[in-house]
Amino acid sequence: MNINTLFGADVWLKKAEKHGLFGAIMIGLGSAIGFEIFGQLGHAYSLAQGGMVFALLLGGLICLLTMFSYSELSAALPVKGGEYSYAKAAFGGFTAFMAGCLRWLSSVFGAAFAAIVFAEQLVYFLSILLPLDQNSMLAFTNLIAAVLVFIIGALTIRGVKEVTTFLVIAFLAIFALFLISGFWQSPAVPEILPRFEGLSGVFAATAYTFIMFVGIRAIVTGAPDIKDPGKNIPKAIFVSIVLLIAVYCSVAYVTVSVVGDKAFEEPTLLNFAATQTMGLLGGALVAVGGMVASISSLSTSITVQSSIVQGMSRDGYFPKVLLKIHRRYGTPHVAATVNSLFILLFIVFGAGAVGLGYAASFASILVFALVNLAVLKLRQKRPRLERPFKAPFYPVTPIIGIAISLMLLIAPVLLNRDASAESGIVWSLGFMGLVLTTYHLRMVGVHRLHVALGGISLGMGFFAAILAYLIEKGFNPLILPLVPPYILALVSITSILAGILNFVVGMRKLF
Amino acid sequence: MKVKRIVTVIVGLAQGAIGIVALFLVGLLYLNLLDFQTMLSVSTELLPLSLLVLSVFGFFSVVSGLFLLREH
């Protein structure tokens, strides 16, 4: 298939005009500055305290390192599809599938996280206006987040327009107000350089907040829409990351300096800090900013996820039904519905806000590692490929990029023993396992699957039969002891019949 | 041939329904809605194992049921 139509961006999204350096920087900032800073500072502070500023600086520098690889690949292969296209060119189908799935997973986890951040900010905002207890209202965050996903999912199907540039300016204005009022009050100078014993917390905070920078990759994935990509993309990436580091570190610095030893609710640390510097109005302003950012991120995420899923369906990895376009609204309603359901699943059964933040970061970190691997592979595989930009200090930069990616995956789990990080890594690796299983099952063929499912159903049926027999004889099973034996018998008969039918169908078509 | 087709559809529907009920039970047990864990006498220690067994059983039942329905 034509690689330029990957992810279906040309099918659905408005085709962009060619951007210069300034336009490319705005794309990067517009994609990177979002809901994350409103929802992540609290946990990052509890992990690293004043070292949070250093953690954000480290995250930005690590991101810059991998962006050298992104720049080389995007200049050499200026096509739509980003990581999926690079992995496909370097390794072929399976790794490309993994890159696409990880990118999708990262977006789904991020969207679920955005919905929860919206709920937390709404609760904070309401607690200012109404005499309500913020703690007791936080119990409803999952419900509010689920309702929001339902509404945004429906709006995405109907088709909504994005106002990214306006939002970037609005957020920068809020941060500017916060910084001016913070520095105006001459707060105490906090200790931001981490001590040796606090380094594990700093690394964990870096891993957790890594998704704050990941949006920069929009510059490289939009390479076909940027003038003279070989020159403009590296410059735009460098300027965007420097600006992002400056904004994030300044906000974190003021937050750390005004919070001090005061007690605060972890999910709304930035609101608390804004209240300290600007009064209740400041807290409310940050809450409104957080809500708008979350809605914008959620809407963009569902759109991006639909594009990814459609591109992979076009390549035959996912069912073709996901390519269906709504007759009236012209939007991919099946893909948007499936993505919204996954987001809902992660909100209801997921790892909580912090766990989802980690999961989104981990999936992005794995994508970054794959991109660095793709640079190494393509230099070997296609040494004569025209490369308008080359990653400096090759092969040191991609190798360090891979090593640091692995370190960021390990640090919060092994060094810091953060339970949310463990939960996040289990969710991201668990779902990665699930999609890899789907890939292999897809490659095995339907008839062999019939036979396999026949065997599994027979096994389940006989197990249920034995369990029913034992319960009838007075045995008390450890799992679900109160299930009546006649229900188990019914389940057993159905499973055995289904097993035989599946087995017969599969064998008949195989031979 | 027609009888076999009807039997396949019925068995597929029944197995799919059993799988959905099992997955629904997983949700009820995990969230402990209506104090479901006490209602089914599931101890806290054995809750993860019960959830795992029910999830695997429910997942394969739904997939197997769908495959039978898809065939006919």
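In the predicted model, helices H15(A) and H16(A) pack with their axes 9 Å apart, at an angle of about 115 degrees. Their crossing is right-handed. On the H15(A) side, the contact is made by A:Ile302, A:Gln305, A:Ser306, A:Val309 and A:Gln310, which meet A:Ala335, A:Ala336, A:Val338, A:Asn339 and A:Ser340 of H16(A).

Both H15(A), spanning residues 280–314, and H16(A), spanning 333–349, are among the elements that cover the buried residues of H8(A). Helix H6(A), residues 93–129, also contributes to this cover. H8(A) itself comprises the 18 residues 141–158 of chain A.

The buried residues of H8(A) are A:Thr141, A:Asn142, A:Ala145, A:Leu148, A:Val149, A:Ile152, A:Gly153, A:Thr156 and A:Ile157. Viewed down the helix axis, these buried positions of H8(A) fall within an arc of 165 degrees, so they line one face of the helix. In general, an α-helix has 3.6 residues a turn, so residues three or four places apart point the same way.

The axes of H6(A) and H8(A) come within 8 Å and cross at roughly 120 degrees; the two helices are therefore oblique to each other. The crossing of H6(A) and H8(A) is right-handed. Residues A:Ala115, A:Ile116, A:Phe118, A:Ala119, A:Glu120, A:Leu122 and A:Val123 of H6(A) meet A:Thr141, A:Ile144, A:Ala145, A:Leu148 and A:Val149 of H8(A).

Key:
Residues are numbered from 1 along each chain as its sequence is written. Chains are lettered from A and ligands numbered from 1 in the order in which they are written. This is a predicted model: local features need pLDDT of at least 70, side-chain atom pairs count only at pLDDT 80 or more; totals for chains, interfaces and linings use all residues. Helices (H or I, at least four residues) and strands (E, at least two) are DSSP runs, numbered from the N terminus. The expected span of a helix is 1.5 Å times one less than its number of residues. A residue is buried if 20 or more other C-beta atoms lie within 10 Å of its own, exposed if 12 or fewer, and partly exposed in between; C-beta atoms are placed from the backbone. The arc is that of the directions from the helix axis to the C-beta atoms. Two residues are in contact if their C-beta atoms, placed from the backbone, lie within 7 Å. Axes are lines fitted to C-alpha atoms, for helices over the stretch in contact, and angles run from 0 to 180 degrees between N-to-C directions. Angles under 35 degrees count as roughly parallel, over 145 as roughly antiparallel, 65 to 115 as roughly perpendicular and the rest as oblique. A crossing is left-handed if the near helix is turned anticlockwise from the far one by less than a right angle, and right-handed if clockwise.
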